[in-house]
Amino acid sequence: MAEKLPLKGVFSGSTVTGLAEFRSADNDVVGVTYGGTGLNTIAANRVLTGNGTSALTAESGLTYDGSVLAVTGNTTISGNLTVQGNFTETVKIATEDPIIALNTAASGSNSNDAGFVIERGSDANVALIWDESDSGTSGGIFNFITTTDTGIVSGDINVSGQADIKTGNITSTGNLVVAGTVTGVTNLTMSGNLTGATNVQLTGTLQFDSGQTVSTISNDGTFTAGAATSLVTESAIKTHVSAQASAFAIALG
């Protein structure tokens, strides 16, 4: 059935003298009570809301063009929110949840890296990820990285370099593997192994799990100090041994 224009009675006083079509120019409307909207015009893509009695409202901040629902203003959702696409263009996220779960769709053996990527404009992006492709005792390793990837990735995240970390105390129950230089350490207490370090520079003491501490590296070839917390250099040992050998040779004549 084709769409038809509604009709209205034309009155002369209280007497109906004829019929006429509804006209928006005359602000004619069909009320909600009679199955209408109470509106004579509706702008494109507006979502209609009602209060149960009066005319519907064509919301200017709530539009739908057939593919995108746009909401201008706050949105309150009392139930669950399920997003099956990307969650993008969010200015801030604040949550009362103390635990954030990532990669919850994983099943079986996991192959996806997971973590947080920070985009930095024209500067290199940085990320904290669980790196599945890096070796570790748990089959992977937590990795602070620079990366060319963005946050909208899945699978193996590109690692273009290592990001710097500044922290307080570090407590390790395993081995500490260092591929570069350890500097600025006030005290280094070791109950495991320190491996791979190019240089270790201490401003305090080095303490081992057996209780011994080292506070200085001595280059004294005479060994006169006799400090229990000093390690001697190869040069000092060579000087001392040479001196002892010369003295021994003189003593033998």
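Two strands are taken to pair if DSSP finds at least two bridges between them. In the predicted model described here, strand E1 (residues 7-12) and strand E2 (residues 15-21) meet this criterion, pairing in the antiparallel sense over six bridges. The two strands form a hairpin with two residues between them, and Gly-13, located in the turn, adopts a positive phi of about 70°.

Lys-8 belongs to strand E1. With a relative accessible area of 24%, Lys-8 is classed as partly exposed, because the buried class requires a value under 20% and the exposed class a value over 50%. When residues up to four places away in sequence are not counted, Lys-8 touches Gly-18, Leu-19, Ala-20, Glu-21, Phe-22, Asp-26 and Asp-28. By contrast, Thr-88 is 80 residues from Lys-8 in sequence, and the C-alpha atoms of the two residues are 50 Å apart in space.

At the level of the whole protein chain, the secondary structure consists of one helix and 16 strands. The radius of gyration is 39 Å, whereas the globule rule gives 18 Å for 253 residues; the computed value is well over that figure, so the chain is more spread out than a compact globule. The extents of the C-alpha trace along its principal axes are about 150 × 35 × 35 Å. Of the 253 residues in the chain, 12% are buried. Among contacts with a separation of 6 or more, 8% are made by residues 24 or more positions apart.

The accessible surface of the protein chain amounts to about 19500 Å², and carbon and sulfur atoms contribute 52% of this area. The chain carries 8 positive and 21 negative side chains. The centres of these two sets of charges are separated by 15 Å.

Strands E4 and E5 form a hairpin with four residues between the strands, in which Gly-66 takes a positive phi near 100°.

An open sheet is formed by four strands in the order E6-E7-E8-E9, with antiparallel pairing. Its edges are strand E6 (114-120) and strand E9 (161-162), each of which pairs on one side only. Strands E8 and E9 run antiparallel and are joined by two bridges; within this pair, Gln-162 in E9 is the bridge partner of Ile-145.

Thr-146 is also located in this region, in strand E8 (residues 141-147). Its relative accessibility is 18%, and Thr-146 therefore counts as buried, the limit for that class being under 20%. Apart from neighbours within four places in sequence, Thr-146 is in contact with Asn-125, Val-126, Asn-158, Val-159, Ser-160, Gly-161, Gln-162 and Ala-163. One of these contacts, Gln-162, is the residue named above as the bridge partner of Ile-145.

Ser-210 provides an example from a loop, lying between strand E13 (199-208) and strand E14 (213-214). At a relative accessibility of 54%, Ser-210 counts as exposed, because this class comprises values over 50%. Ser-210 and Ser-191 are 19 residues apart along the chain, and their C-alpha atoms are separated by 8.1 Å.

Notes
Residues are numbered from 1 along each chain as its sequence is written. Side-chain values use heavy atoms; hydrogens and water are left out. The radius of gyration is taken over C-alpha atoms; the globule rule is 2.2 Å times the number of residues to the power 0.38. Buried means under 20% relative accessible area, exposed over 50%, partly exposed in between (1.4 Å probe, protein chains only). Contact means heavy atoms within 4.5 Å. Accessible areas come from the Shrake-Rupley method with a 1.4 Å probe; for residues, only the protein chains shown count as cover. Lys and Arg count as positive and Asp and Glu as negative; His and the chain ends are not counted. The place of a charge is taken as NZ of Lys, CZ of Arg, CG of Asp or CD of Glu.
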